[in-house]
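Take a look at the model before reading on.

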Amino acid sequence: MARTRAQQQVFIDLQERYGQEVAQAFFRALDDLRNAARVQQIMAAYAAGDVEAALEAVDIDPAAFNEMLDKIRESYQAGGKAGADVLPKRGPDGTAMSVRFDGRNPDAERWLQSHSSTLIRRITDDQRAAVRTSLRENMERGVNPRTAALDVVGRINRATGKREGGILGLTQVQESYVRSAKDELASGDPASLRHYLTRTRRDKRFDKAVRAAIEVEKPVPAETLAKAITAYERRLLKLRGDTIGRTEALTSLNAAAYEALRQAVASGKIPETSVRRVWRSAGDLRVRHTHMGLNADTVGLNEAFRSPSGAMLRYPGDTLLGAPASEVIGCRCIVEARIDFLANIR
């Protein structure tokens, strides 16, 4: 068990490190997109009623996320090495055995290519959908072109000279949160304003102004509203980036550890029949109930774990067999590889 805890700690440390690095690369990609956005063209297309041309001027270029993909590749390499390091150092006959992870193996390269392209397509498609919705909603409400454009790409902070806020980078769902929060603050309706105060990602520094607006049944002052919404957008984006970072680090680490084990078997160093894989949850109150149920479940090399929800996963973070986001996002589980060379002769 001590070895299991040590192995889990290695993966926890790696997930923390690469989770932060992937998240920071995601934020830098968004900074790049904000700075490159053609604001005047967005405004002109919006004024002409051409949402698709305005979206094109935002220029959500997949290449902006290349650094993030590089970090995921680094995480994958680290996970493969960590997975190989815990495998036996001696073969069935007791002689020394060297097990290494080959990140250039065709199967490893194939996983990285497939996973990376799917991830970037999902991120960029979701951003385009969120931007499209924001532009259309603002157009229907008669919002002026400049405000509509800045609602997407953010406003320049005079202190830093950088754009911040805006819905660029948020999911469609998060974009709807921003829109409804803005409506609440601008409503002057006490019930709507009180509902704003229930938003967990709001910046509580503006609560005093919201409560004052409730008292007089008037909208929050425009300048305060703009600052509160920008802060809300920043916090939602922080949540989005951190979630992507943690999830992608976990998935790449566990996928590589699994690939390291498969490579050891394919090389003939470890017989497949000697391999058992054990699901290990993080063992605290943050573990989702389905993964509490999976804890200590055991499968063979090429078998999948079945979650109590019915989802099938080859390892924590795996979605290839159709596991939904509810089984993956925020997961901190690992798989322990158990090698029993005597299994073949019993």
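The largest cavity holds about 150 Å³ of space. This is a predicted model. A search of the whole structure turns up two cavities of 30 Å³ or more.

**The largest cavity**

- Its lining is made up of 14 residues. Ala257, Tyr258, Leu261, Val335 and Ala337 are the ones nearest the centre.
- Helix H1 (2-36), helix H10 (222-266) and strand E7 (334-339) each contribute at least two lining residues.
- Which element gives the largest share of this lining? That is H10, with five residues.
- Sorted by class, the lining has ten nonpolar, three polar and one charged residues.

**The second largest cavity**

- The volume here is about 60 Å³.
- Phe11, Ile12, Gln15, Leu250, Leu253, Asn254, Arg332, Cys333 and Ile334 line this cavity.
- H1 and H10 are the elements that give two or more residues to this lining.
- Six of the lining residues are nonpolar, two are polar and one is charged.

**The largest pocket**

- The largest pocket has a volume of about 990 Å³.
- In its lining are 37 residues. Nearest the centre lie His115, Arg122, Glu248, Gly317 and Thr319.
- Helix H5 (106-141), helix H7 (172-187) and H10 are the elements that supply two or more residues to the lining of this pocket.
- H10 gives the most, with twelve residues.
- The classes split into 17 nonpolar, ten polar and ten charged residues.

**The second largest pocket**

- About 500 Å³ is the volume of the second largest pocket.
- The lining counts 16 residues. Those nearest the centre are Arg155, Ile156, Asn157, Lys227 and Thr230.
- Helix H6 (145-153), strand E1 (155-156), strand E2 (163-164) and H10 are the elements with two or more residues in this lining.
- The largest share again belongs to H10, here with six residues.
- By class, the lining has five nonpolar, two polar and nine charged residues.

**Cysteines and disulfides**

- A disulfide is a covalent bond between the sulfur atoms of two cysteines.
- How many disulfides does the model have? The count comes to zero.
- Seen from Cys333, the closest cysteine sulfur is that of Cys331, at 3.7 Å.
- Is Cys331 buried or exposed? Cys331 counts as buried because its relative accessibility is 3%, and the limit for buried is under 20%.
- Cys333 also counts as buried, with a relative accessibility of 3%. Cys333 is one of the residues that line the second largest cavity.

**To take away**

- H10 supplies five residues to the lining of the largest cavity, twelve to that of the largest pocket and six to that of the second largest pocket.
- H10 is also among the elements that give two or more residues to the lining of the second largest cavity.

Key
Residues are numbered from 1 along each chain as its sequence is written. This is a predicted model: local features need pLDDT of at least 70, side-chain atom pairs count only at pLDDT 80 or more; totals for chains, interfaces and linings use all residues. Side-chain values use heavy atoms; hydrogens and water are left out. On a 1 Å grid over the protein atoms alone, a cavity is a set of points where a 1.4 Å probe fits but cannot get out, and a pocket is an open set with protein on both sides within 12 Å along at least five of seven lines; lining residues have an atom within 4 Å of a point. Grid points are joined across faces, edges and corners, and a volume is the space filled by probe spheres set on the points. Helices (H or I, at least four residues) and strands (E, at least two) are DSSP runs, numbered from the N terminus. Ala, Val, Leu, Ile, Met, Phe, Trp, Tyr, Cys and Pro count as nonpolar, Asp, Glu, Lys and Arg as charged, and the others, Gly among them, as polar. A disulfide is a pair of cysteine sulfur atoms within 2.5 Å. Buried means under 20% relative accessible area, exposed over 50%, partly exposed in between (1.4 Å probe, protein chains only).
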